[in-house]
Amino acid sequence: GQYAFMGDRGLTALTLPASLKRLEAGAFRGCSSLKQGVLNATTPPSLYSGVFKDCSSELKIYVPASVLQEYLDHEDWSIYAAQIVAQ
């Protein structure tokens, strides 16, 4: 939900299921140690405001290689294009 893990400085990595449909506002905001996120969804989930705001500058978001371009081009995810890589 909204702000679910906000400010959790102990969170360094996460894996989200293929069934994920959306990430709520600020879900991981301020998780300054978060360096790796694995998204298994083959359809880019809806992404609400500030989900990864103030996370580690080293954050990499891994997505299925077969849909990498869909994530890069998606209007919600394109703001993280520099951090999105194929798994």
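I count a contact when heavy atoms lie within 4.5 Å. The model is predicted, so I take local features at pLDDT of at least 70 and side-chain atom pairs only at pLDDT 80 or more, while totals for chains, interfaces and linings use all residues. Residues are numbered from 1 along each chain as its sequence is written, and side-chain values use heavy atoms, with hydrogens and water left out.

**Entry 1: Q83**

I looked up Q83 and its surroundings. Q83 sits in the loop between α1 (68-73) and β6 (84-86). Helices (H or I, at least four residues) and strands (E, at least two) are DSSP runs, numbered from the N terminus. Setting aside residues up to four places away in sequence, I find Q83 touching S56, L59, K60 and I61. A polar atom of the Q83 side chain lies 3.4 Å from the backbone oxygen of L59.

**Entry 2: F52**

Next I checked F52, in the loop between β4 (46-47) and β5 (60-63). Is F52 buried or exposed? F52 counts as buried because its relative accessibility is 5%. My classes are buried under 20% relative accessible area, exposed over 50%, and partly exposed in between (1.4 Å probe, protein chains only). Which residues does F52 touch, not counting residues up to four places away in sequence? I list L23, F28, L34, L47, L59, I61, W77 and Y80. For F28 I also took the C-alpha to C-alpha distance to F52: 5.3 Å, at 24 residues apart in sequence.

**Entry 3: Y48**

Y48 is also placed in the loop between β4 and β5. At 42% relative accessibility, I log Y48 as partly exposed. Leaving aside neighbours within four places in sequence, Y48 contacts R22, L23, E24 and A25. I then took Y48 against G26: 22 residues apart along the chain, with C-alpha atoms separated by 7.5 Å.

**Entry 4: salt bridges**

Side chains of opposite charge can pair when their charged atoms come close. My rule asks for a side-chain nitrogen of Lys or Arg within 4 Å of a carboxyl oxygen of Asp or Glu. How many salt bridges does this rule give? I get two.

R22 is partly exposed, at a relative accessible area of 46%.

The side chains of E58 and K35 also form a salt bridge, at 3.6 Å from N to O. This pair links distant parts of the chain, 23 residues apart. E58 is in the loop between β4 and β5, and K35 in the loop between β2 (22-23) and β3 (36-39). I log K35 as partly exposed, at 41% relative accessibility.

Note on methods. A polar contact is a pair of N or O atoms within 3.5 Å; within protein, one must be able to donate a hydrogen and the other to accept it, and residues adjacent in sequence count only if both atoms are side-chain atoms.
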